[in-house]
Amino acid sequence: MSQIPSLLYADVEDDLRRAVRVMLADRAPIEEILDRSDQEDAYGKGARQIWSGLVEELGVAALAVPAELGGAGASWREVAVVLEELGRGVVDVPFFTSAVLATSLAHEAGAIDLLGELATGEAVGAVVASFAAPLVPPEGLTWDGRVVSGTVRTVAGVAEATHLLVPVADALLVVAAEQADALAVPSLDMTRRVADVTFEGVEAAVVAEGPEVVVALARSADLAAALLASEQLGLAERVLELTVDYLKQRRQFGRVLGSYQALKHRLADLWTSVTQARAVARYAAACASATDGPDASDLSVAASLAQAVCGEVALRAAEECLQLHGGIGFTWEHPAHLYVKRARTDALALGTPSWHRRRLADLAGLPHPA
Amino acid sequence: MTDVAVDLARRIEGVLTAHPPETTDRLEFLRARFAAGLAWVHYPEGLGGLGLDARYQPDVDAVFAAAGAPDNRPHGNVIGLGMAAPTVLRYATPEQQQRWIPPLWTGEEIWCQLFSEPGAGSDLAAAGASARRDGDAWVVNGQKVWTSLAHDARWALLLVRTGPTLPKHQGLSYFVLDLTTPGVDVRSLRQLTGEAEFNEVFLDDVRVPDENRLGEIGEGWKVTQATLMNERVAIGGGAGTRESGPIGDVVRLWRESPQARRPENFDALLRLWTDAEALRLTGARLGQQLEVGAPGPEGSGLKLAFAELAQAAASLQLDLLGSEALRYDDWSLRRPDFSSPPDRVAGYWYLRNRANSIEGGTSEIMRNIISERVLGLPSEPRVDTDIPWKDLPK
């Protein structure tokens with residue numbers, strides 16, 4: 001009928017999900033993430049232990065890295081399953097920024113040594129570009145062939161990083177994180193914070209130069225956008241569960257809230273949207289994993305579709321969670337706000353849903369209005 | 001190729017050799033294909049199938065189509081193929097299956113369903129058409145409505161009330177009705193499009209043999225549920241190519257007509273495009289689940305979302321057409337031909353697609369089903385489940 005790749009979960013993916021879920025249930029309860037979400041150095045206060053477990057015991061940072069380059073030789077599909085689980089718990093580890101963004105860019109740009117270290121967890125990477133923009137070389141940096149200078153605002157995952165990948169015009173650089181001045185700023189997403197990164201004449205190693213940098217950035221941007229959808233899917237599923245559970249026990253006017261048709265229909269619509277988000281996110285993960293053929297060449301469409309759909313579904317799910325929890329959902333003590341903050345930030349990260357829709361117009365050959 | 005595929009290829013070749021499509025009468029060919037078990041391979045042997053997995057069927061259809069073989073005009077018998085046949089297969093006797101299923105599949109006998117009534121729409125279990133026992137038969141009186149294809153049909157699936165003193169779900173029974181029986185009056189029901197796609201069916205002392213009952217007396221609701229689940233799968237499932245379905249016309253207009261590219265509609269168009277693609281992938285995922293024997297509940301959501309997409313696409317088409325959208329092609333009363341999608345103006349599709357969220361279970365009922373059966377939320381407090389049907393306010 002059609003050449004749509006499998007959008008189901010393979011047994012090995014189910015096994016991986018179980019292992020990650022068991023570990024996170026033990027080490028990353030939402031109460032602890034909530035407790036440290038407004039503290040300085042939340043990473044040192046607990047997230048680092050979760051990261052060690054994920055990387056050293058489960059090897060999740062190595063999944064998408066080819067075996068001959070020191071990785072596990074699985075694929076982005078498995079990475080997507082890990083992201084779903086991390087999204088469910090708004091877990092404050094640098095998996096997306098290091099194991100997806102930095103790893104995909106290192107791979108595409110041929111930074112073999114760094115890639116091996118990212119896979120084992122010896123290195124934690126971050127890409128120095130605003131998290132709220134499609135992946136392009138940021139303005140504000142100068143590179144003279146030897147040293148890099150300047151400031152890039154709102155970079156995600158810097159506090160946890162050991163290595164910074166720095167795209168500049170026509171080159172991709174790598175800098176040890178301690179050589180940069182990272183100024184943590186209060187962040188809308190409290191469980192994935194951003195920082196302003198300043199280089200003051202820092203010597204940097206060149207990983208790649210010339211047109212291949214542009215190609216690597218473009219493909220890495222697609223991979224990251226495609227994969228972020230799985231985090232959004234996991235988040236949406238989880239907040240829907242939380243909301244359904246709450247409406248089954250909360251009583252007002254002598255009735256369980258979940259028996260009111262006005263609320264049931266909203267949740268039915270949301271569930272319907274989540275099923276679509278799952279199909280779209282799985283398709284994006286499948287296209288990200290394909291190395292050739294029609295799925296591989298459809299990656300850009302799949303990535304922008306995934307962000308246009310999953311970005312909005314996750315945000316709506318989180319907002320519905322907050323609204324349907326009523327007053328308690330608006331409090332600091334309830335975790336609903338962590339999900340809202342993550343979902344809102346994710347819908348800015350790597351391009352907004354509107355931006356991705358415009359990009360789809362170009363990819364699908366739908367002319368802009370005159 | 002697997003052993004199964006080799007065997008199927010051999011059987012197909014056998015049918016095509018013995019009955020060359022170009023020189024064989026259409027019905028004769030279809031009967032031969034049925035007899036060879038290649039009508040629907042997942043049906044039992046002797047009923048047009050081979051007892052195989054349904055996933056082999058698309059390839060069989062494709063090989064026959066490529067050989068220029070006639071098909072059984074499935075669009076003209078959607079209720080027969082999609083709903084009546086599975087219900088008959090599950091509840092009828094072997095003799096009845098042999099009588100009903102072969103001409104159903106070949107299209108020699110069309111089927112319809114007599115479920116909805118003027119007073120029982122979404123609340124189908126309140127149906128009031130009565131059936132009174134008289135010897136070996138039942139005498140049926142009442143009015144059914146929204147009956148597609150009744151004017152073409154020979155047989156109907158009929159839901160009637162046999163126990164008016166019981167609570168509404170318990171007093172229903174389910175029959176197969178021969179529409180040539182005296183007392184059956186099929187009248188066209190004109191719709192807002194101008195067409196008469198549906199019918200009203202009046203039943204006046206119609207005798208139905210008890211042997212045509214499917215399920216036990218009082219089990220009519222259970223049998224109806226089985227039929228309706230098949231209906232929703234038939235309406236919601238399937239995945240075509242990108243930009244197929246309701247989005248196709250609107251993107252074609254956008255590409256081909258510069259004056260249709262109104263800036264104020266651009267984002268709406270792109271939202272529809274992403275919605276259509278998301279739905280296509282969701283349908284594909286549901287199909288993959290069915291293939292591995294693990295159907296999910298996604299079908300209910302697909303029906304709901306497809307209706308919204310089809311309605312929004314048709315409505316946007318009117319906006320893009322501007323003043324041309326003020327015209328309509330033909331309000332005259334006519335019977336639509338189901339063999340191919342009618343060639344009608346955008347305004348027709350705008351109107352026709354309004355039915356997508358009503359027919360086959362309204363979107364509101366679909367939301368109830370999802371929230372109760374999938375999400376496990378409680379039903380609204382019910383006042384009608386424990387009292388005799390005859391005592392319900394009507």
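**View 1. The interface of chain B and chain A.** In this predicted model, 47 residues of chain A are in contact with 46 residues of chain B. The size of an interface is often given as the accessible area lost when the parts come together. Here the two chains bury about 4,100 Å² between them, with 66% of that area on carbon and sulfur atoms.

**View 2. Polar and charged pairs across the interface.** The rule finds seven salt bridges between chain B and chain A. A salt bridge joins R242(B) to D298(A), and the closest N and O atoms of this pair lie 2.7 Å apart. Polar contacts across the interface of chain B and chain A amount to 18 residue pairs, with both residues at pLDDT 80 or more.

**View 3. The side of chain B that touches chain A.** Four elements of chain B each give two or more residues to this side: α7 (247-256), α8 (266-291), α9 (298-321) and α11 (363-374). The largest share comes from α8(B), with 17 residues. By class, the side of chain B that touches chain A has 22 nonpolar, 15 charged and nine polar residues.

**View 4. The crossing of α8(A) and α8(B).** Two packed helices are described by the angle between their axes and the distance between the axes. The axes of α8(A), residues 261-289, and α8(B) come within 8 Å and cross at roughly 85 degrees. Because of this angle, α8(A) is roughly perpendicular to α8(B). On the α8(A) side, the contact is made by T275(A), Q276(A), R278(A), A279(A), V280(A), R282(A) and Y283(A). On the α8(B) side, the contributing residues are A278(B), L279(B), L281(B), T282(B) and R285(B). By class, this helix contact has six nonpolar, three polar and three charged residues.

**View 5. A salt bridge within chain B.** Over all chains, the count by this rule comes to 59 salt bridges. One pairs R33(B) with D61(B), whose closest N and O atoms are 2.7 Å apart. This pair links distant parts of the chain, 28 residues apart: R33(B) belongs to helix α2 (residues 26-35) of chain B and D61(B) to helix α3 (residues 57-66) of chain B.

**View 6. Positive phi values in two loops of chain A.** Most residues other than glycine have a negative phi. D41(A), a residue other than glycine, has a positive phi near 55 degrees. D41(A) is located in the loop between α2 (30-36) and α3 (43-57) of chain A. L350(A), also a residue other than glycine, has a positive phi near 60 degrees. The loop that holds L350(A) runs between α11 (336-346) and α12 (353-363) of chain A.

How values were computed. Residues are numbered from 1 along each chain as its sequence is written. Chains are lettered from A and ligands numbered from 1 in the order in which they are written. This is a predicted model: local features need pLDDT of at least 70, side-chain atom pairs count only at pLDDT 80 or more; totals for chains, interfaces and linings use all residues. Side-chain values use heavy atoms; hydrogens and water are left out. Contact means heavy atoms within 4.5 Å. Buried area is the accessible area (1.4 Å probe) that two parts lose on being put together, summed over both. A salt bridge is a side-chain nitrogen of Lys or Arg within 4 Å of a carboxyl oxygen of Asp or Glu. A polar contact is a pair of N or O atoms within 3.5 Å; within protein, one must be able to donate a hydrogen and the other to accept it, and residues adjacent in sequence count only if both atoms are side-chain atoms. Ala, Val, Leu, Ile, Met, Phe, Trp, Tyr, Cys and Pro count as nonpolar, Asp, Glu, Lys and Arg as charged, and the others, Gly among them, as polar. Axes are lines fitted to C-alpha atoms, for helices over the stretch in contact, and angles run from 0 to 180 degrees between N-to-C directions. Angles under 35 degrees count as roughly parallel, over 145 as roughly antiparallel, 65 to 115 as roughly perpendicular and the rest as oblique.
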